[in-house]
Amino acid sequence: MVIHFIVDTEHDLTKNQIIQRMKATAKEQCSEILQGALSLDIRMFSKMPLDIASCQKKRIFAEKGFVRPVHLHRCQPSLQEIQEALCSIIYEKLGQVVELKVSQFYSIRPRIEMILNTMDDFSGS
């Protein structure tokens, strides 16, 4: 099972408001708590700085992922805060996430995308 959800993060939102949006989106997307091992892919899209957004060539490189942020915005939730927001809504405990990938990008539309994937248990039959 793959669950893909997107949380828009406009600049006027606080970190707590973003986390509340994550929880609400997670509740909408997943009606039951997932069991077993999970894979979580988090993609954070920050608003482009003016020096990049105003130059067409830099903007294109940034949109394609060639120019990427090397810092977290102060209003952007940390990895631990994201995992805690999803815990008890989508999965039972933090230890269920056995594979984790976090990427940062620039975008005209700031957002956080999360892709949660159940990892199949193979019984060897």
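Modeller: A strand is a DSSP run of E with at least two residues, and strands are numbered from the N terminus. By that count, Asp-120 falls in the segment after β4 (111-118). The model is predicted.

Biologist: Why is Asp-120 called exposed?

Modeller: Its relative accessible area is 58%, and exposed means over 50%, so Asp-120 qualifies.

Biologist: How many aromatic pairs does the structure hold?

Modeller: There are two aromatic pairs. In one of them, the ring centres of Phe-45 and Phe-105 are 5.2 Å apart, with the planes at 20°.

Biologist: What makes the pair of Phe-45 and Phe-105 stacked?

Modeller: Centres must lie within 6.5 Å and planes under 30 degrees apart; 5.2 Å and 20° meet both conditions, so the pair is stacked.

Biologist: Which parts does this pair tie together?

Modeller: Phe-45 belongs to strand β2 (residues 38-47) and Phe-105 to strand β3 (residues 97-107), so the pair links parts 60 residues apart in sequence.

Biologist: How do you know whether Phe-45 is buried or exposed?

Modeller: Buried means under 20% relative accessible area. Phe-45 is at 11%, so Phe-45 counts as buried. Phe-105, at 18%, also counts as buried.

Biologist: Why is the pair of Phe-61 and Phe-66 called edge-to-face?

Modeller: The centres of Phe-61 and Phe-66 are 6.0 Å apart and their planes at 75°. Planes over 60 degrees apart count as edge-to-face, so this pair takes that label. Phe-61 is partly exposed at 36%, whereas Phe-66 is exposed at 61%.

Biologist: What lies over the face of Phe-45?

Modeller: Arg-111 does, at 3.8 Å from the ring centre; the distance limit is 6 Å.

Technical notes. Residues numbered from 1 in each chain as written. Predicted model: local features only at pLDDT ≥ 70, side-chain atom pairs only at ≥ 80, totals over all residues. Heavy atoms only, no water. Helix = DSSP H or I, 4+ residues; strand = E, 2+ residues; numbered from the N terminus. Buried < 20%, exposed > 50% of the residue type's maximum accessible area, 1.4 Å probe, protein only. Lys NZ or Arg CZ within 6 Å of the ring centre and 35° of its normal.
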